[in-house]
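Open your viewer and load the model. Follow the stops below in order, selecting as you go.

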Amino acid sequence: MATPALSLSHRHVSAFAADVPDSLTKSGQRELPSKYLYHELGSALFETICVLPEYGLTRADSRLLEKYAGEIVGRLPSPIQVAELGSGSGKKTRWILEALSRRQKTYYYPIEISPSALAALAKELGQIDLVSIVGYERPYLEGLRAVAEGRGEQDNLLVLFLGSTIGNFDRDKGDAFLQEMRAILQPGDALLLGTDLEKSLELQLLAPEDPAGVKAAFNMNLLARINRELGADFDLSCFRHQARWNRVERRIEMHLRSLQRQTVHVPAASLRLMLNEDETIWTESSHKYQAEEIAGMAARTGFRCEGQWIDNEWPFAQNLLIAG
Ligand code: AVI
């Protein structure tokens, strides 16, 4: 008898059940993979973070696209189709799609593992003349491979990787990711890469904390998700959200700090976890960059940096990389 194909959501649940115990039992620093912060509720909390007064990143990203979309599009080969990794709500993407639609009919391929985010996106961007949307509910590179395989012979590709999501990878893993992306692309294809830049310590440290506690809710919700989906018994009142600036690695780290010595059970992963008081679970890193280092990053990964636009309110750069 043929084995039935696993649905995408089943694949996710079993990957989650496997990744949670692996990362929680790492020797030294316990961890949880940051990608699991972004499920339905987590993504909604992240959208709220994006409008917090203390979090200027998303507004800077949008401002640059609003102001320079025409200039960016003017530097792209033609005809070109657009793929976006982790499209979110699509509000920022509108500027690029509208600028492109003034010169050609455009296919837009958002690649996103969250079906609700894809549905929201179709609503947000579905009305732009001469733009057709085809969503891919896949992990980033798997989706990009599918888009690249289906492209027309004459078509170039523009990949959007906005919002400084690259900063959520460790630096060497970020390079490896860009190299893998480059291997899928053809010479002349483009990547618009958003990178959050290093800023004053004051701004840097304000961003990860907010008085209303939205970031804390975003971080703590990962434990709530493990409780819901894997039957764990994390008591959220025994943890505290913590953000740290790591000066050596130039990154903000999010941690969940255990307020007391405690034992947690994760039945779906057959795991019993003993946490000491003040021990932390590291849930995410947000690396920051110097504007000048992006050209080097491009060169190491098979691209050249064709243009860079920097916001003058919140240090953030849009970088246009061309596959060599
Ligand atoms: C998605 N990513 C670029 C955000 C960041 O700033 O690293 C995620 C985030 N984590 C906490 N606040 C926002």
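Start with the cartoon view of the protein chain: it has ten helices and 13 strands. Helices (H or I, at least four residues) and strands (E, at least two) are DSSP runs, numbered from the N terminus. The radius of gyration of the chain is 20 Å, close to the 20 Å that the globule rule gives for 324 residues, so the chain is as compact as a globular protein of that length. That radius is taken over C-alpha atoms, and the globule rule is 2.2 Å times the number of residues to the power 0.38.

A word on the model. It is predicted, with local features needing pLDDT of at least 70 and side-chain atom pairs counting only at pLDDT 80 or more, while totals for chains, interfaces and linings use all residues. Residues are numbered from 1 along each chain as its sequence is written, and side-chain values use heavy atoms, leaving out hydrogens and water.

Switch to the C-alpha trace. Along its principal axes it spans about 60 × 60 × 35 Å.

Now show the surface. The chain exposes about 14900 Å², and carbon and sulfur atoms supply 52% of it. This area comes from the Shrake-Rupley method with a 1.4 Å probe; for residues, only the protein chains shown count as cover. Hide the surface again. Of the 324 residues, 52% are buried. Buried means under 20% relative accessible area, exposed over 50%, and partly exposed in between (1.4 Å probe, protein chains only).

Next, select Cys 50 and Cys 305. Which one is buried, and which partly exposed? Cys 50 is buried, at 9% relative accessible area. Cys 305 is partly exposed, at 29%. How many disulfides does a search of the whole structure find? The search finds zero. A disulfide is a pair of cysteine sulfur atoms within 2.5 Å.

Go to Pro 115. This residue lies in helix α5 (residues 115–125). Pro 115 is partly exposed, with 47% relative accessibility.

Last stop: Asn 276. Look in the loop between β10 (271–275) and β11 (280–287). Asn 276 is partly exposed, at 39% relative accessibility. Show what surrounds this residue. Leaving aside neighbours within four places in sequence, Asn 276 is in contact (heavy atoms within 4.5 Å) with Ser 258, Gln 260 and Arg 261. Then pick Thr 263. From Asn 276 to Thr 263 is 13 residues in sequence and 8.9 Å in space, C-alpha to C-alpha.
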